[in-house]
Amino acid sequence: MAISTTNPPSCSVRDDVQRIGLPLIHGENVSRTFAGKEPIVAISGLSFDISERKITAIIGESGSGKSTLLKLIYGLLEADSGEVRYRGWRVPNPREKLIPGHDAMRMVSQGFDDLNTYANVWDNVASQLSNTDLEGKFSETEASLRRLRITHLAKQRIADLSGGEKQRVALARALVNNPEVLLMDEPFNQVDASFRDTLQRDIRSIVEETGLTVVLVSHDPAEVLAMADELIVLKDGQLMASGHPAQLYHQPPNAYTARLLAKSNILSTDEAQLLSLEAHTAVAIHPEWLSITTNEQGSFLVQDIQFKGFYQLVAVQHESVTLYVITNATDHLEDGIHVDIRVDHFHPLPGQSV
Ligand code: ADP
Ligand code: MG
């Protein structure tokens, strides 16, 4: 098959018509291995779609290939086989570009390596724009600071800012050029929990107002469930699931996704039968799908109680089965007491051996 050039000629109306309905970014059978004593397969035969004007989150346990995938999308890494296409055009690899990285995309990395620590916020953002239009440079910089709500920090040095403020500067800097796609690798790692919610909400508003497409890497289910429109779930460089967060949360297609998104209890068919569930497959039971009542004759024993604020996470055991249950923090439970467990809901996992 002939590979198209990476610099599209001016698109005709017909090209636009053909593009309608296609994902903005499409990966086809992408693989990437790193050399080591044993070769490390970071991404393996992965096909995926990323929709325009949406937030897509790539989630998976540590080492599952999330950062590698983000770099393959941006064109910072070359695929060994397969390809990533942006609006139908193959993303150029680092050998094909003087400055690696797709022109329509910007990436905000985990650290703040791109920021000039000793320059102030204004200069860090303005430096992304050329001097050919000084008025434009001023107004674009101002607009970007306003959008990220950091106008009041304009004259401060990066070195004097908090993690959350630095993250806002990094975003203002990435967005000042109006990229079509913003790529973020674990963007909230260094942001205090109290600032995280507002930053996540602000990013959502920017997506809604500007039509930006966001691809976000995260290992934190709370983060991706709150922010993302679509999920890509990775394990060992392979696709485990993709789709809408709520759907994958309530109907996980496999044990890995259920554990990752919901900290679900996974029971084998035999264990499910021990609980008298009418299941002929393994099942996922989210901790909030279970209820506890104290009963001296109850068959479960409370093993551990973790106080979590407005709820508690209780581990209970019966024979080989340990279950995690979410209860009200006001429920009076103690280690070692007997309880009954009611399963309010479970989700079958056909074809899963656990
Ligand atoms: P994640 O971001 O999900 O934690 P990565 O994409 O960083 O995972 O890494 C996936 C796998 O590839 C890991 O086993 C990692 O050690 C390996 N890997 C990533 N980058 C390199 C590299 N430049 N050289 C060698 N191995 C790498
Ligand atoms: Mg990573």
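Analyst: In helix 5, Gln-167, Arg-168, Leu-171 and Leu-175 meet Thr-198, Leu-199, Asp-202, Ile-203 and Ile-206 of helix 6, where contact means heavy atoms within 4.5 Å. Helices (H or I, at least four residues) are DSSP runs, as are strands (E, at least two), and both are numbered from the N terminus. This is a predicted model, in which local features need pLDDT of at least 70 and side-chain atom pairs count only at pLDDT 80 or more, while totals for chains, interfaces and linings use all residues. Residues are numbered from 1 along each chain as its sequence is written, and side-chain values use heavy atoms, with hydrogens and water left out.

As for the arrangement, helix 5 spans residues 163-175 and helix 6 spans residues 193-210; their axes come within 12 Å and cross at roughly 15°. Axes are lines fitted to C-alpha atoms, for helices over the stretch in contact, and angles run from 0 to 180 degrees between N-to-C directions. The crossing angle therefore makes helix 5 roughly parallel to helix 6, a label for angles under 35 degrees. The crossing of helix 5 and helix 6 is also right-handed, that is, the near helix is turned clockwise from the far one by less than a right angle.

Conventions
Chains lettered and ligands numbered in written order. Parallel < 35°, antiparallel > 145°, perpendicular 65-115°, else oblique.
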